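Please read this briefing alongside the sequence and the model. The points below are grouped by topic, and the terms are defined where they come up.

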Amino acid sequence: MSTSDVKLLGGWPSPFVMRARIALNIKSVDYEFLQEKVGEKSELLLKSNPVYKKIPVLIHADKPICESLIIVQYIDEVWTSGPSILPSDPYDRAIARFWAAYIDDKWFPSVRGIALIAEGDEEKKEAVQEVATGLELLEDAFPKCNKGGNFFGGERIGYLDIALGCFLAWLRVTEKLNNVKLLDEAKTPNLCKWAESFCSDAAVKDVMPETDKLLGFAKVLMARFKAPPAN
Amino acid sequence: MADEVILLDFWPSMFGMRVRIALAEKGIEYQYREEDLMNKSPLLLKMNPVHKKIPVLIHNGKPVCESLIAVEYIDEVWKDKAQILPSDPYQRAQARFWADYVDKKVNAVARNVWATKGEEQEAAKKEFIEILKVLEGELGDKPYFGGETFGLTDISLIGYYCWFYAYETFGIFSIESECPKLIAWAKRCMEKESVSKSLADPHKVYDFVLGMKKRHGQE
């Protein structure tokens, strides 16, 4: 299949876009990466995702697929000759999907909450605690999923690794910007070890943004969208 | 060894209905256990410690939480009849997208249709109809969202149909006049035994919502 058959609309900073890129890398699929300009939405994006107008959008043979986790599952189901991304056992799949949904519905919004919502020390402390609680749950889940391997998916990275790992760079940026420790070796040793393995994986390392580059991007974004802080 | 299947549920829950429908579609025998959400059972708290919510499907002692995840699980385990997700990956992605759309969009707004008053309620009604119209647009002239066969998206949305009477009565509006094709679709789904046996009685739902409003000092 030629490269032009597979297009990904996205942006390098987006963790959701990263999910799709990691999945495509796992399957060794060549694709055209069409980066959206920050603050602008291309005609192609508006046409391909009229419902949400958001990235990522995978366009395969001119047909669009939206929502990052749906894209990852699609990639897994189309390119069957590559390594599997979802576990093969239905119960394991249900567990992987459960935690991925938890991450999207509860955990990542609380990470975002630290930078965007929390004003003053008390609120910030609460937001940090929420994030920490989520990580502890995932820390507990790890030995139940990994079957002795380095990843939630076992020997190789899988669906849940991708669902969580895509946020690691943003997690580090949030730590730096707010002077907090979120991924703590003392509290979540499994996750810290996992994070190292994840970031150095061949399918991940070229698409995971460098923390400093992302930090620079975050500062620009915050300056653009946030009201100036009160004195 | 025979399968042991238990469903922890709450009779008016449109999320619980999704799992009931999937189980019925597959002809799976199961134990239905009604939860009192004001007094959650130890079993529920043990099986869903993270969210403490229904529905929870318990298969041979192992819990599956989150209604759409449970529906996909049911489809994957009991794969020999009444396929819920299509076989084609692109169709599957579409089915998942629209089921997810129902989850993201319908619930929060639907609640405001009955739980609020005045301007807030008017805004909720307007948004609710807009969302239903998007779904109606996606349905088009197909008998079901997936085409010829009843599937995931249909299952994700149909439970709300037994709540429409309550929404319409408290919101003083007619969903059918705004979205006739969607109502026609709902009636078509209701012709299936798996659906009609899984949905709650709209009048009982109305009484339930009335009770909730009274408890919150709204009536």
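Asp212(A) and Lys176(A) form a salt bridge in which the closest N and O atoms are 3.6 Å apart, a salt bridge being a side-chain nitrogen of Lys or Arg within 4 Å of a carboxyl oxygen of Asp or Glu. Because Asp212(A) lies in helix H9 (residues 211-225) of chain A and Lys176(A) in helix H7 (residues 168-178) of chain A, the pair ties together parts that are 36 residues apart in sequence. The model is predicted, with local features needing pLDDT of at least 70 and side-chain atom pairs counting only at pLDDT 80 or more, while totals for chains, interfaces and linings use all residues. Residues are numbered from 1 along each chain as its sequence is written, chains are lettered from A and ligands numbered from 1 in the order in which they are written, and side-chain values use heavy atoms, with hydrogens and water left out.

**Salt bridges within the chains**

- Over all chains, a search of the whole structure finds 22 salt bridges.
- Both partners of the chain A pair are exposed, Asp212(A) with a relative accessible area of 55% and Lys176(A) at 51%; here buried means under 20% relative accessible area, exposed over 50%, and partly exposed in between (1.4 Å probe, protein chains only).
- In chain B, Asp141(B) forms a salt bridge with Lys181(B), the closest N and O atoms being 2.8 Å apart.
- Asp141(B) lies in the loop between helix H5 (118-139) and helix H6 (152-158) of chain B and Lys181(B) in helix H9 (residues 180-190) of chain B, so this pair ties together parts that are 40 residues apart in sequence.
- Of these two residues, Asp141(B) is exposed at 71% relative accessibility, whereas Lys181(B) counts as partly exposed at 42%.

**The surroundings of Arg18(B)**

- Arg18(B) forms a salt bridge with Asp103(B), with the closest N and O atoms 2.8 Å apart.
- Since Arg18(B) lies in helix H1 of chain B and Asp103(B) in helix H4 of chain B, the pair ties together parts that are 85 residues apart in sequence; helices (H or I, at least four residues) and strands (E, at least two) are DSSP runs, numbered from the N terminus.
- Arg18(B) is buried, with a relative accessible area of 1%, whereas Asp103(B) is partly exposed, with a relative accessible area of 32%.
- A polar atom of the Arg18(B) side chain also lies 3.0 Å from the backbone oxygen of Ser156(B).
- Leaving aside neighbours within four places in sequence, the residues in contact with Arg18(B) (heavy atoms within 4.5 Å) include Ser67(B), Leu68(B), Val71(B), Val102(B), Ile155(B) and Tyr160(B).

**The interface of chain A and chain B**

- The two chains bury about 2200 Å² between them, 68% of it on carbon and sulfur atoms, where buried area is the accessible area (1.4 Å probe) that two parts lose on being put together, summed over both.
- The contact takes 23 residues from chain A and 24 residues from chain B.
- Six salt bridges are found across this interface, and the side chains of Lys104(B) and Glu67(A) meet in a salt bridge at 2.8 Å, N to O.
- On the side of chain A that touches chain B, the elements that give two or more residues are strand S4 (63-66), helix H3 (68-78) and helix H4 (90-116) of chain A, and the largest share, ten residues, comes from H4(A).
- Glu77(A), Arg93(A), Arg97(A), Glu72(B), Glu76(B), Arg92(B) and Arg96(B) are linked in a network of salt bridges.

**Helix H3 of chain A**

- Nine of the eleven residues of H3(A) are buried, so this helix is largely enclosed by the rest of the structure.
- The buried residues of H3(A) pack against helix H1 (15-26), strand S3 (57-60), S4, H4 and helix H6 (159-165) of chain A, together with helix H4 (89-115) of chain B.

**Annotated domains of chain B**

- UniProt, in an unreviewed entry, places the feature "domain: GST N-terminal" at residues 3-82 of chain B; its positions are given in the numbering used here, feature names are shortened, and annotations may be inferred rather than shown by experiment.
- Over residues 3-82, chain B is 36% helix and 21% strand, with the end C-alpha atoms 18 Å apart.
- The feature "domain: GST C-terminal" is placed by UniProt (unreviewed entry) at residues 88-208 of chain B, and over those residues the chain is 74% helix and 0% strand, with the end C-alpha atoms 40 Å apart.

Methods:
Polar contact = N/O pair within 3.5 Å; in protein donor to acceptor, adjacent residues only side chain to side chain.
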